[in-house]
Amino acid sequence: MKLLRSFLTLLLLLVGTLSFGQEMSIEGTVYDTTGVKPLPNAIAMAIRIKDSLLLGYSRTDKQGKFHLKGFEVDTFSLIIDHPSYDDKVYFMFGSATNKEIKIPSISMPAKSQKLDEVIIYANKEPIFFRGDTLVYKADSFQVHENAVVEDLIRKLPGLEVDENGKITSQGQDVDKVLVDGDEFFGADPTIATKNLGAKGVEEVQVYEMENEDRADGEDEKIQVLDLKLKDAYKSGYFGRVSGASDFGLTWLSNGKDYDFNKSFYEGELLYNKFNGSTKFSVFALGSNTPRSNFGWNDIRQFGLDNEPSSGGRWNQGAQGNTSGIPQTMRAGIYYADKIGKNKKARLNFNYSYYNERLDAISSSRSQYFLADTVYYTEDSTRNIRESQAHRINFEFESPLDSFTTIRIKPSVNFDYSTNQEYDGQEFIDEDGNSTLATNAFNNYDGSGYTVDTRASLKRKFREKGRELEVIYDFELDNSETQGQLLTTSQFNNIPIPFTDSVDQRKENISNSVNHYVDVRYTEPLNKNFRFETEYQYENGVFKRDKVTYDRNGQEYTDRNDLFSNVFDTYRDQHWIGMKMVYEDSKHTVGFRGLVRDIHIDNINQITGAVVSQNFTNFLPIFDYSYKPTKSKRLTFKYRTNSQQPSITDLQPVPDNTNPNSIRKGNPNLQPNYVHNLNLNFNSWQVFSGQFIWTGLSAVFTDNAFASSTSFNEYGQSESQTVNVDGNMFSNLYAGASFPLYKRIISIRPNANGMYNRYTNVINNENNVTQMLTAGGGLRLNFEWDSLRFEIYNNYNYNNSQSSLSSFSNEPFSNQNYGFDFRWTLPKGFVIATDGRYTINQQPGEGFYDLKFFVWNAEISKSFLSTQNLVISLVGNDMLNQNINAARQVNGNVVTDNRTTIISRYFLLKATFRFNNNKTKQDDLKGWY
């Protein structure tokens, strides 16, 4: 019998190899055991004999019919699978004369029926739902040898990965990536998808889970992608070491001519080790190229997103520093484990260090539109900033018993910063005459720290769905700065020109302490209804001491009371709310009513003036979700919230850092009230990968924070924040993805439209600015084996209308056309290139009118038997055209910015990747 089976297998393989180049077509009709009733939703799979590869699959329709096609003639087994019946198996001998096969009647065997003599090892259904969890069987999808998880995800219908590694499922963002249900080197680690081997994954699961760290107003659930590993792959290590340099061959401009050279470099070290629940990571990054701007995606990539998304006190993690010459060093460690007798307690710790320097040069031209005149300013700025930061985060979670869980999450940040800023500003009237010229130098040293500790206790009860959670959050923030302000202003175009100057030393001390308590209780009423109630309390104290000294001889001893102040804010808030939720298989409806009472005391410690405020708000929230099928979803959300003004907006002391634009706080500011509406629809087809999404969002704000600005005859301004009504923001968007030819080609159109309405006050008159934006784009993706190619375009048209002045009512547009190409060749060669052509347009000649093409390229060669040593030549902005330009419309001011950035340079890069399997370790995507 064994000899017969071996001969049969050899014969099948032989027939398969002689049939290469032609396509198969298999049709059939599936019935139940009676052979009379058609069987819908059975799955037909073609499994190649020689390697168990899934060649194709399809589901039967309502009439029980299926049609498999689109794969080459081969020798395979046709498996018909249905959960209520045993499998039906056919052996198919594909050939040039036997490539179209029709099976008119397939009767499924009953569950009790056994097959004698033949044992079939076959993949089960490659995609299915387990409850509300979408499950992909990883071995059912073909990927290249040594592929990583990201390569696997690209093959899964309905999942998309963009150029930064961001994942979407059915058009919706994946908020977190887990490995075997746990966080893997950070809260949302693309490091797992870009480094873990695809062959180690048994299942890819997509589902929703509770958003445990949600703030007030945030979604209660987030979408998660969970990688379930095979048992043999739950331990190991992997890493990467790389370095790149131009060896001092790049010449930079000082703004006039090319007169000095600068050696560019990039370096990277990454080591990760994991063994079951124990995970350890070390990383270091160093660079003085634009990659020094390590922002959110880099933090996610290395699994150490241990700082707020808004950055640190001096915006450590922001991506706004796209100008100048940067220099960055970042390093960190991460450790996670499950501890305790039964390994039920979870422990996470990470530390990171940042050392950054940026020498940034920028220029701008602004148009100011008043009721009776127009004037211009031309600005040039050089900013030299150095900063250091330490981030320490700790998390501990443990069950106290089978119903109770405690969670403690403290974090500490330390920041140090020095800043030197040189500003030149010239005011020009509508006749082209210079009316005012100012030069300013501002430098300061700053230091500070923040402490944030969150503790929660969650108690579940025997009654399913009944829960009690108590949360306490403590926040402490302290910062100090000391600096110097030197300004010189020349007033021109007047009968007697004159000069004014300022020479001051400034000291600022800010600190705040906040205590939050949150109690949540959930009570299930029946199978579909549940009741939730919540109480929150906040106690906050905010203090700011600002002192300014004028120069007297060689010392700064004369206190300037105009620019000095001590200001305190005390805030007490109480929230109490109730929520009713109805949920069934298709509908989820939730309504919450929240009553908030807030008491605020703003105290000017210098004058003794006290502004007391009391507000009581009703903050409703309504959610509705409709899921007619597993692959279609309609959601509607209406939310309200109220934000408090910052102490900077409240403190009644002028800020003369820019002597031509002085800001002063307003202690009478009231909290705003925001209405937020969102409507979203998405639909997808799991087998084809086609999906469509569309949405509408609108934000209406009462008591919005806006600027009230007054201008003098020279164009200088004084402003403060005031409350206004009627501000709104709305956005309409839509997109789709249409895969063709077995997902080799995909077409992705998108469209968007925005309407904004913003009110500010100019010389005591309300100015209403309405901004209309419309745009769209198209992406065409081609991905086949070793070749990937993408072309795209985007167009946006903007039209701004101001009620005070028609001079500013000039539309402008932005267009982008681009391509991305990557080709993996034999013998370890890879060619990659991308380009982007940008067109900024406005009527007539303008500072914003620009056209430039940025072209990057990389060629690499892999060495060693594992191909883990890669030598690359990288070219950035090969045509030396890159320009950073943007237009901002803010009330009655239109500003066009240009910034000096690093453009053309070339790097020789070496990368060595390693892992415990001593196999090929795929790298992250390019460096350009």
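## A four-stranded sheet

In this predicted model, an open sheet of 4 strands runs in the order β3-β2-β5-β6 with antiparallel pairing, where strands are DSSP runs of E of at least two residues, numbered from the N terminus, and two strands pair if DSSP finds at least two bridges between them. Its edge strands are β3 (54-59) and β6 (85-93), each of which pairs on one side only. Strand β2 (residues 43-48) is joined to the antiparallel β5 (residues 75-82) by 6 bridges, and Arg48 stands opposite Phe76 in β5.

## A three-stranded sheet

A further open sheet has 3 strands in the order β10-β11-β12, again with antiparallel pairing. Because β10 (159-161) and β12 (172-173) stand at the edges with a single partner strand each, one side of each is left without a neighbour in the sheet. Strand β11 (residues 167-169) pairs with β12 over 2 bridges, and Thr168 has Asp173 in β12 as its bridge partner.

## Nonpolar cores

A nonpolar core is a set of buried Ala, Val, Leu, Ile, Met, Phe, Trp, Tyr and Cys residues joined through side-chain atoms within 4.5 Å, buried meaning under 20% relative accessible area with a 1.4 Å probe, protein chains only. The largest has 24 residues, of which Tyr136, Leu152, Leu159, Val204 and Leu225 touch the most other members. Apart from it lies another core of 20 residues, including Val73, Met92, Ile101 and Met108.

## Basis of the values

Residues are numbered from 1 along each chain as its sequence is written. Local features need pLDDT of at least 70 and side-chain atom pairs count only at pLDDT 80 or more, while totals for chains, interfaces and linings use all residues, and side-chain values use heavy atoms, with hydrogens and water left out.

Key. Buried means under 20% relative accessible area, exposed over 50%, partly exposed in between (1.4 Å probe, protein chains only).
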